[in-house]
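Biologist: I would like to learn how to read a fold from its coordinates. Where do we begin?

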Amino acid sequence: MKLPRSGRALAAGAVAVATLISGGSMAGAAPAADTAPAALAAPDIPIANVKAHLTQLQSIATANGGNRAHGRPGYQASLNYVKAKLDAAGFTTTVQRFTASGRTGYNLIADWPGGDANQVVMAGSHLDSVSSGPGINDNASGSAAVLETALAVARSGHQPTKHLRFAWWGAEELGLVGSRYYVNSLGSAGRAKIDGYLNFDMIGSPNPGYFVYDDDPTIEQTFQEYFAGLGISTEIETEGDGRSDHAPFKNAGVPVGGLFSGADYRKTSAQAAKWGGTAGQPFDRCYHSSCDTTANINDTALNRNSDAVAYAMWELSR
């Protein structure tokens, strides 16, 4: 998640030499019918696979100055890792280039063949870390869950009615630069084809909460149904409102939603009673710090939220 407005690094305008991805499309996601065939049910996302991606991204950061920040070798290596997995799985991948703060940045877009190109369901997460740490919760957690969901699509041969697209954003920590560049590059026609954009930024916080974006009612209800099935009471996400990559989509009129497990706000006693964990402590004590490593992840939250990514992508793309 990018820095609060008071501490956010200013990003240079997104000038750019872009390899433009195919214009996606989606509109009006509807709740899934109760009689949907079992074959359309979302798969369980193996937590071991998600954690294996986190281990790889940690290793990349360790080998590249301890971070995976915009314009640094660790970011490029992170992008290469994700892209190689997607290419091998049969996705059509596109790297989109932009400039921010005097450095070249990259977005990675992956399209799954098939589905109505005028109805796109899209999931995304920022792949960059801050320069002060490896960014494993913020935001390798979201990036790994989105990646493993995409790979689950390929493993299952899923062919929904709508078109599936996945994205990993650059320079989020500089002020949502990569996602804003992408949204602007689509033009009004391309943006109108996106039925929904789902954002996943920090979903494995060590003292986790279960927060759901309340922007689009259909997307919000889809996540609420998933967590209700687990007996988990959620809360509306407010800490990161407007501070992550859903904001450029929302500002452009695209329906958005997403999940969040908390950053540097402190868990209340009521929240600890509901979710467990420690009252009076931050949801993520290592937010934007060097200790945001693989040791800074709550496996239960990561597992639940990863499954929720898949559930929503399957339900909203029927």
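Modeller: Start with a definition. A nonpolar core is a set of buried Ala, Val, Leu, Ile, Met, Phe, Trp, Tyr and Cys residues joined through side-chain atoms within 4.5 Å. Buried means under 20% relative accessible area. Keep in mind that this is a predicted model.

Biologist: Which residues have the most contacts inside the largest nonpolar core?

Modeller: They are L86, F166, W168, F200 and F223, in a core of 61 residues. Helix α3 (residues 136-156) gives the largest share of this core, ten residues. A second, separate core has 13 residues, among them A167, W169, V183 and V256.

Biologist: What does W168 touch, leaving out residues up to four places away in sequence?

Modeller: The list includes Y75, V82, L86, Y106, L108, S125, S143 and L147.

Biologist: S125 is a serine on that list. Is S125 buried or exposed?

Modeller: The cut-off for buried is under 20% relative accessible area. S125 has 0%, so this residue counts as buried. S125 belongs to strand β3 (residues 116-126). Its side chain makes a polar contact of 3.3 Å with the side chain of S143. S125 also touches N139, Y197, N199 and D245, among others.

Biologist: Now a contrast. How does S156 read?

Modeller: S156 has a relative accessible area of 46%, so it is partly exposed. S156 sits in helix α3. A polar atom of its side chain lies 3.1 Å from the backbone oxygen of V153.

Biologist: Next, aromatic rings. How is a pair described?

Modeller: By the distance of the ring centres and the angle of the planes. The whole structure holds 16 aromatic pairs. Take Y226 and Y311: the centres are 5.7 Å apart and the planes meet at 40 degrees, so the pair is tilted. This pair links distant parts of the chain, 85 residues apart. Y226 is in helix α5 (residues 217-229) and Y311 is in helix α8 (residues 299-316).

Biologist: Why do Y226 and Y311 fall into separate accessibility classes?

Modeller: Y226 has 12%, so it is buried. Y311 has 22%, so it counts as partly exposed. Both belong to one aromatic cluster, together with Y210, F211, F227, F260, W275 and F283.

Biologist: And strands? Which partners does β2 have?

Modeller: Look for bridges and direction. Strand β1 (residues 92-100) runs antiparallel to β2, joined by nine bridges. F98 stands opposite G105 in β2. The β1 and β2 hairpin has two residues between the strands, and S101 takes a positive phi near 50 degrees there. β2 also pairs with strand β4 (residues 162-169), antiparallel, over four bridges. There, D111 has R165 in β4 as its bridge partner.

Biologist: How many residues of strand β2 (residues 103-111) are buried?

Modeller: Seven of its nine residues, so the strand is mostly covered.

Biologist: Let us finish with the whole chain. What are its totals?

Modeller: The chain has eight helices and eight strands. Of its 318 residues, 54% count as buried. Among contacts with a separation of 6 or more, 80% come from residues 24 or more positions apart. The chain exposes about 11400 Å², and carbon and sulfur atoms supply 51% of that area.

Terms used. Residues are numbered from 1 along each chain as its sequence is written. This is a predicted model: local features need pLDDT of at least 70, side-chain atom pairs count only at pLDDT 80 or more; totals for chains, interfaces and linings use all residues. Side-chain values use heavy atoms; hydrogens and water are left out. Buried means under 20% relative accessible area, exposed over 50%, partly exposed in between (1.4 Å probe, protein chains only). Contact means heavy atoms within 4.5 Å. Accessible areas come from the Shrake-Rupley method with a 1.4 Å probe; for residues, only the protein chains shown count as cover. Rings of Phe, Tyr and Trp (its six-membered ring) pair if their centres lie within 6.5 Å; planes under 30 degrees apart count as stacked, over 60 as edge-to-face and the rest as tilted. A polar contact is a pair of N or O atoms within 3.5 Å; within protein, one must be able to donate a hydrogen and the other to accept it, and residues adjacent in sequence count only if both atoms are side-chain atoms. Two strands pair if DSSP finds at least two bridges between them.
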